[in-house]
Amino acid sequence: MLVIGSQSVLGSIPESRLPLEATASMEVDVACFNDPDDKLVLVESQSTQPGRGYTLEPHDCVVSKLVAGREKDHAFANALIRAGLIDPAVAAERIEFVDVDTVVLARLKGWIAMYLPAT
């Protein structure tokens, strides 16, 4: 199982470190897959036995939420950056690899630019 929604950050970052906006969702988005070669975080613990799962790497999760572009997605991403759990420079690198319309790409780059040092 692959956890792909906002709750995927729970596989990489302990809930106690996450801002409230990052844990507000009561939903979890999952998918089945056969190729674990993507940038994923293995979630395997006593409480997941006998199974295990994979979650998106947090920066990829944030970028995917920003592609959706809903208000709650921006609140989620902003909260993780403010909490120091997402590096804006890494998110900016990941944005360059997103296969989206040029208008969406410009929106993503504009958003992340707010968090990057002026050049």
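What radius of gyration would a compact globule with 119 residues have, and what does the protein have? I started my notebook there. The rule puts such a globule near 14 Å, and the protein has 14 Å, which agrees. A reminder to myself: this is a predicted model.

**Overall layout.** I looked up the elements next and found five helices and four strands. Reading from the N terminus, I get the order β-α-β-β-β-α-α-α-α. Along the principal axes, the C-alpha atoms fill a box of roughly 50 × 30 × 25 Å.

**Burial, contacts and surface.** I find that 39% of the 119 residues are buried. I then took the contacts between residues at least 6 apart in sequence, and 63% of these join residues at least 24 apart. The protein exposes about 7200 Å², with carbon and sulfur atoms supplying 55% of that. For the charges, I compared the mean positions of the 10 positive and 17 negative ones, and they are 3 Å apart.

**Helix H2.** My list of the buried ones reads Pro58, His59, Asp60, Cys61, Val62, Val63, Lys65 and Leu66.

**The ends of H2.** At the N-terminal end I found a cap from Glu57, where a side-chain oxygen lies 2.8 Å from the backbone nitrogen of His59. Just after H2, I spotted Gly69 with a positive phi of about 75°.

Notes. Residues are numbered from 1 along each chain as its sequence is written. This is a predicted model: local features need pLDDT of at least 70, side-chain atom pairs count only at pLDDT 80 or more; totals for chains, interfaces and linings use all residues. Side-chain values use heavy atoms; hydrogens and water are left out. Helices (H or I, at least four residues) and strands (E, at least two) are DSSP runs, numbered from the N terminus. The radius of gyration is taken over C-alpha atoms; the globule rule is 2.2 Å times the number of residues to the power 0.38. Buried means under 20% relative accessible area, exposed over 50%, partly exposed in between (1.4 Å probe, protein chains only). Contact means heavy atoms within 4.5 Å. Accessible areas come from the Shrake-Rupley method with a 1.4 Å probe; for residues, only the protein chains shown count as cover. Lys and Arg count as positive and Asp and Glu as negative; His and the chain ends are not counted. The place of a charge is taken as NZ of Lys, CZ of Arg, CG of Asp or CD of Glu. A polar contact is a pair of N or O atoms within 3.5 Å; within protein, one must be able to donate a hydrogen and the other to accept it, and residues adjacent in sequence count only if both atoms are side-chain atoms.
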